[in-house]
Amino acid sequence: HVAHYAERGEAGEVHDVLLELKLIADVGLVGFPNVGKSTLISRVSAARPKIAEYPFTTLQPHLGVVAIDHATSFVMADIPGLVEGAHEGKGMGDRFLRHIERTRLILHLVDVSGWEERNPVEDWRSINRELKGWHPALASKPQIVVANKMDVDTSKANLTKLKRATRKPVFAISAVTGEGVPELLRELARILPTLPFPDLLTPTGAEPKSLEAPLVPLSVERVSEGLLVARGTKLERLVARTPLENSAAVDDLQNRFYRLGLNDMLVAAGAHEGDVVRIGTFEFNYMPDE
Ligand SMILES: Nc1nc2c(ncn2[C@@H]2O[C@H](COP(=O)(O)OP(=O)(O)O)[C@@H](O)[C@H]2O)c(=O)[nH]1
Ligand SMILES: [Mg+2]
């Protein structure tokens with residue numbers, strides 16, 4: 001059998017695709033701007049995010065490898081941009097929240113110095129509200145609360161209040177002086193091997209929309225005197241790829257119409273000789289079988 005014609009290519013499909021990058025890190029560092037996230041990650045790893053550029057210090061999450069000893073290391077991500085209303089997209093916070101989905105542990109940094117009359121207990125509560133608002137799974141992710149800026153005088157009193165509110169251990173550190181940091185790292189190294197890896201395949205946040213065009217089944221409809229319209233994904237594709245100026249190709253197309261059941265449907269729709277049958281942009285005259 002020799003091919004006497006080449007089929008045409010079908011029309012290509014056009015899709016808009018939105019790809020989301022989600023980091024995978026062991027530890028996700030969260031907290032309001034200026035609590036000391038960048039200072040801490042630059043102290044414990046080689047990551048060098050910018051420090052103190054209020055309010056959006058860093059627009060990209062920074063990853064740092066924290067090496068405890070030659071056998072133990074983990075990846076920490078400085079996740080910037082959490083503000084009140086972040087889970088609703090405020091301050092681009094939703095861009096950052098998605099990165100937290102894939103961390104094994106949340107390290108929640110709270111500034112307990114009380115500067116600018118901030119209330120550390122309120123701060124801790126509202127960050128947790130943002131996490132939960134983004135995805136309930138984030139609220140149940142293991143979380144270690146860390147009180148930062150313990151080198152400031154006012155911090156001790158606030159630490160007591162924070163401990164009372166969280167009702168769980170709070171690590172007290174100073175990212176600037178390094179006080180409490182080795183103890184925190186030891187705890188992270190101890191707890192991480194006990195935690196599962198996050199499920200990477202189940203999407204969270206917004207549901208992706210399907211890009212598949214639905215297969216339209218074959219249908220024939222009389223739209224006016226002398227005109228029938230045949231619709232169907234397979235049928236339209238067949239016609240689109242047939243070089244209609246080639247008689248051998250058109251013969252094959254007729255056979256394929258039969259196999260799809262088009263002729264039976266035309267008969268059922270009451271087609272008679274000379275009717276125009278339209279398929280996509282193509283029209284032909286109906287000739288009943290002898
Ligand atoms: N006194 C004190 N200041 C700190 C400490 N950690 C961070 N800071 C300061 O807090 C400001 C914000 O720190 P940064 O790391 O940029 O916070 P981020 O926005 O959470 O990344 C900077 O001026 C830091 O020097 C700390 O432990 N003690
Ligand atoms: Mg920062």
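Visitor: How many bridges join strand 1 to strand 3, and which way do they run?
Guide: Three bridges join strand 1 (residues 27-30) to strand 3 (residues 72-78), and the two run parallel. Strands here are DSSP runs (E, at least two residues), helices are runs of H or I with at least four residues, and both are numbered from the N terminus. Two strands pair if DSSP finds at least two bridges between them.

Visitor: Before we go on, where do these values come from?
Guide: This is a predicted model, where local features need pLDDT of at least 70 and side-chain atom pairs count only at pLDDT 80 or more, while totals for chains, interfaces and linings use all residues. Residues are numbered from 1 along each chain as its sequence is written, chains are lettered from A and ligands numbered from 1 in the order in which they are written, and side-chain values use heavy atoms, leaving out hydrogens and water.

Visitor: Okay, back to strand 3. What does Val27 pair with there?
Guide: Met76 is the bridge partner of Val27 in strand 3. In strand 4, Val27 stands opposite Leu105. Strand 1 and strand 4 run parallel too, joined by four bridges.

Visitor: What's the strand order in the whole sheet?
Guide: The order is 2-3-1-4-5-6, in an open sheet of six strands with mixed pairing. Strand 2 (62-69) and strand 6 (170-172) are at the edges with a single partner strand each, so one side of each has no neighbour in the sheet. From one strand to the next, the twist averages 30 degrees; angles are taken between N-to-C directions, from 0 to 180 degrees, with axes fitted to C-alpha atoms, for helices over the stretch in contact.

Visitor: Is strand 4 buried or exposed?
Guide: Seven of the seven residues of strand 4 are buried, so the strand is largely enclosed by the rest of the structure. Buried means under 20% relative accessible area, exposed over 50%, and partly exposed in between (1.4 Å probe, protein chains only).

Visitor: Which residues point which way from it?
Guide: Leu105, Leu107, Leu109 and Asp111 point one way from strand 4, and Ile106, His108 and Val110 point the other way. In a regular strand, side chains alternate between the two faces of the sheet.

Visitor: What does the side chain of His108 make a polar contact with?
Guide: The side chain of Gln143, at 3.1 Å. A polar contact is a pair of N or O atoms within 3.5 Å; within protein, one must be able to donate a hydrogen and the other to accept it, and residues adjacent in sequence count only if both atoms are side-chain atoms. His108 has 0% relative accessibility, so it counts as buried.

Visitor: And which strand runs alongside strand 4 with six bridges?
Guide: That's strand 5, which runs parallel to strand 4.

Visitor: New topic: how do helix 1 and helix 6 pack?
Guide: Helix 1 (residues 37-44) and helix 6 (residues 181-191) pack at about 80 degrees, with axes 12 Å apart. They are therefore roughly perpendicular; that label covers 65 to 115 degrees, with under 35 roughly parallel, over 145 roughly antiparallel and the rest oblique.

Visitor: Which residues make that contact?
Guide: Leu40, Arg43 and Val44 from helix 1 and Val181, Leu184 and Leu185 from helix 6. Contact means heavy atoms within 4.5 Å.

Visitor: How much of helix 1 is buried?
Guide: Seven of its eight residues are buried.
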